[in-house]
Amino acid sequence: MGILSIRRLVGIALLAVMAVVTVGCGEEEKGPFRIGVMESVTGAGETYGTVAVQAKQLAVDEINAAGGINGRMLELIVEDSKCNAQDAITAYNKLTDVDEVKIILGTSCSGAMLGAAPLAEKEGVVMFSGLATNPDIAEAGDYIFRTSLSDATVGVDTGNVLWADGIRNLATINESTDYAEGVRRTTTAQFEKLGGQIVAAESYPSDTTDFRTQLTKILSANPDALHIAAQAEASGGTIIKQVRELGYDGPIYADVVPIGTTALEIAGEAATGVKAITPDLDPANAKAQEVLAAFRAEYDYVTLPWFLGSAYDNVYITAECLKKTGDDQDADGFRDCLYDITWSGTIGVDYSFDEKGEVVGLSNAVLEVLPVAERTEENGGYRVLGAAPTN
Amino acid sequence: MSIATGALRNIQDVARDPRSWWQRSKGNIELWANLIVIGWALAFMLWRGGGFAITVGSVFAIWAILAVSLNLVVGYTGLLSVGHIGFFGIGAYAMAVLSSNASYEQLRTEAIPTFGWPFFAALPFSVILAGLVALVVGVAFNRFRDDIYVLVSFGFAVIAFTTFLSWRNLTRGAFGIHEIARPAIGSWVFEEELEFLALLLVFLGLVVLIAWLIVTSSFGRVLTAIREDEQAIAVFGYHTTHYKLAIWVISAMMAGLAGALLASWSTFIDPNSFVLLESVLLVSIVILGGLASIWGSLLGALAFVMLEEGMRFVPFLPSEFIGQIRQVILGILLVLLMLFRPQGLVGRFKL
């Protein structure tokens with residue numbers, strides 16, 4: 001009896017020592033903060049996903065080189081969510097079950113975001129996107145945040161610009177994707193609310209290369225202006241080229257895609273004067289220029305600068321919140337931090353999140369494409385005219 | 001049935017005389033393929049455990065139903081269809097539209113009518129709708145054979161995708177449909193992923209049973225005869241078109257079932273899940289597993305899902321192009337497999 005209890009005592013003491021040692025060790029040398037990243041690095045959204053991953057990696061390298069967050073490094077675990085809901089769900093489960101992350105940065109495709117968001121909401125995992133723009137995401141839940149502007153805001157601003165420019169009869173052509181369709185729909189709604197009239201509307205599936213039939217039909221309605229909403233740069237550039245070839249010389253308005261680098265190469269001189277309404281980096285923002293220069297130094301190219309900056313800012317916001325919570329497993333603390341935070345970074349000054357996790361304090365800009373002779377790699381082929389008017 | 005008795009006989013053989021069993025089994029590629037894929041899957045699940053294995057299991061079950069259904073048409077009857085993803089999508093969209101509870105009023109995107117049916121009411125409707133569409137399409141398809149059949153089924157897949165994308169008043173187009181209902185029996189909702197996996201496996205078992213009954217019946221023998229020589233079997237007085245139409249509709253209904261299950265499993269669908277590429281992947285699963293073999297389709301789906309998800313664990317890749325490298329490795333593995341085993345893992349014949 002006596003011996004047994006002594007043994008038991010020794011056993012308990014040993015266990016206690018082991019527990020203290022284990023906990024002590026854990027306190028002493030903590031591993032890096034582990035953050036999940038879900039982007040469409042293959043498939044339809046490849047350009048966006050790749051830029052986003054590279055921008056995030058750039059930010060992480062900078063943070064780690066500067067000594068990490070309170071001495072702890074930051075580590076990204078990248079998963080491919082492709083551009084559809086099912087792959088996003090498997091990627092999400094891999095990140096949360098196998099890697100046990102509680103904070104996920106992504107995704108770049110709205111469809112992938114909407115696929116994984118219900119799970120994240122149910123399990124209390126934060127999803128924080130810099131690129132997804134589908135208006136539905138606003139309603140996706142308490143743990144879902146984004147710095148990207150909803151398509152609804154792009155559309156409203158586009159409608160205002162059109163009206164302010166004296167356009168009354170508008171023709172639209174859009175790619176049948178969630179993003180392009182969202183832009184077309186909200187633009188039309190705002191434009192009609194102001195009193196404008198849609199005289200022709202066409203849509204085309206992705207991968208279309210010949211738009212002449214649809215454009216001829218549109219032009220026969222004699223619009224004051226043409227609005228293009230595209231998701232693939234190739235189609236946006238081709239439309240601009242073909243509509244000019246058909247003899248149309250009126251104003252062209254677009255979302256950001258038809259004035260991307262590839263699109264401008266396709267369209268050439270035809271694109272001169274095309275106006276795009278989109279979130280864009282402020283040329284006066286020194287931080288933005290610094291980030292673009294760093295990105296170019298690291299990867300030798302720059303594309304989609306706003307999305308690049310948005311993804312980059314996400315990492316710094318994440319780092320700031322991790323500094324406060326000190327725990328990458330504390331999703332609730334991280335969420336509360338996001339609701340409270342006001343941030344100045346690459347994509348804007350003093351922006352924050354509203355109660356739906358939507359970004360406030362950022363606005364769209366009006367861009368105008370320059371003649372071919374004036375296009376350089378630095379200016380991206382366009383100049384910023386100013387902020388979109390509000391009504 | 002036959003698998004179970006076969007396995008039992010194998011175990012008895014090994015126990016009685018291990019050396020001669022080894023001599024006999026050494027060159028049996030089928031056996032080794034089975035053991036390797038299944039052993040790999042088990043090791044993977046034990047290693048990673050938990051929730052991710054359940055997700056992978058669910059994805060496997062859905063692809064397996066699809067693969068078995070397609071094998072009935074491609075493997076047994078010899079009609080190379082790449083349009084099956086269309087029926088998959090029809091089943092998914094029928095389930096989504098009928099059972100979604102989402103209200104879109106507060107959104108600035110388009111709204112569609114909500115019916116709010118429970119899962120088990122929408123399920124038979126989805127399956128029957130896929131069957132009806134297959135009946136109409138099949139009547140036309142029966143006029144074509146061989147290469148042309150591939151082309152018209154390709155056309156069907158494209159039309160189906162475009163319909164999902166463009167019929168905005170019903171499918172919300174590219175926005176997709178969310179809040180699709182999870183199955184519920186009384187007050188018991190299949191909320192947990194494990195419960196849903198169990199349900200999926202029950203349906204998979206049902207599909208395998210039906211497929212097995214078909215291929216072992218006289219009906220199944222006529223299908224095989226059509227594959228080997230359609231004119232010869234027609235000479236014996238069989239209306240081959242009726243047989244082809246019947247198996248086409250049955251197969252499409254199974255694909256519709258898989259689609260309905262997918263919609264309920266993921267609770268969100270958009271047209272991106274039903275692109276032609278997925279259809280091509282499906283055909284490669286069937287060929288990878290083995291034509292005219294139900295067991296092969298199960299194995300093919302397992303191997304494919306494990307390859308794709310296993311790729312997530314390939315170490316030492318820089319994060320910037322991790323996705324692309326995975327795709328390349330997957331492609332190379334498929335090419336190698338076809339090079340050295342063109343009849344698939346356990347298949348009986350090649351295309």
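This note walks through a predicted model with chains A and B, point by point.

1. Basis of the note. Because the model is predicted, local features need pLDDT of at least 70 and side-chain atom pairs count only at pLDDT 80 or more, while totals for chains, interfaces and linings use all residues. Residues are numbered from 1 along each chain as its sequence is written, chains are lettered from A and ligands numbered from 1 in the order in which they are written, and side-chain values use heavy atoms, with hydrogens and water left out.

2. Chain A as a whole. The secondary structure of chain A comes to twelve helices and 15 strands, where helices (H or I, at least four residues) and strands (E, at least two) are DSSP runs numbered from the N terminus. The C-alpha trace of chain A spans about 105 × 35 × 35 Å along its principal axes. Of its 391 residues, 59% count as buried, a word that stands for under 20% relative accessible area, with exposed meaning over 50% and partly exposed the range in between (1.4 Å probe, protein chains only).

3. The interface of the two chains. The contact (heavy atoms within 4.5 Å) takes 45 residues from chain A and 40 residues from chain B. Together the chains bury about 3,600 Å², 54% of it on carbon and sulfur atoms; buried area is the accessible area (1.4 Å probe) that two parts lose on being put together, summed over both.

4. The rule finds three salt bridges between chain B and chain A, each being a side-chain nitrogen of Lys or Arg within 4 Å of a carboxyl oxygen of Asp or Glu. The side chains of A:Asp136 and B:Arg172 meet in a salt bridge at 3.0 Å, N to O. On the side of chain B that touches chain A, helix 4, helix 12 (240–266), helix 14 (294–310) and helix 15 (322–340) of chain B give two or more residues, and the largest share, five residues, comes from helix 15 of chain B.

5. The largest nonpolar core. A nonpolar core is a set of buried Ala, Val, Leu, Ile, Met, Phe, Trp, Tyr and Cys residues joined through side-chain atoms within 4.5 Å. The largest one here has 123 residues, and those with the most contacts inside it are A:Met38, B:Ile269 and B:Phe274. Its largest share, 17 residues, comes from helix 4 (residues 50–76) of chain B. Domain 1 (68–274) and domain 2 (282–351) of chain B both give residues to this core, so it lies between them; the domain bounds come from an automatic or database domain assignment. A second, separate core of 60 residues includes A:Tyr48, A:Leu308, A:Cys337 and A:Leu338.

6. Two residues to look at. Not counting residues up to four places away in sequence, B:Ile269 touches several residues, among them A:Gln86, B:Ile177 and B:Phe274. B:Ile177 sits in the loop between helix 8 (168–171) and strand 1 (184–185) of chain B, and it counts as buried because its relative accessibility is 0%.

7. The two domains of chain B. The C-alpha centres of domain 1 and domain 2 of chain B lie 23 Å apart, and 16 residues of domain 1 are in contact with twelve residues of domain 2.
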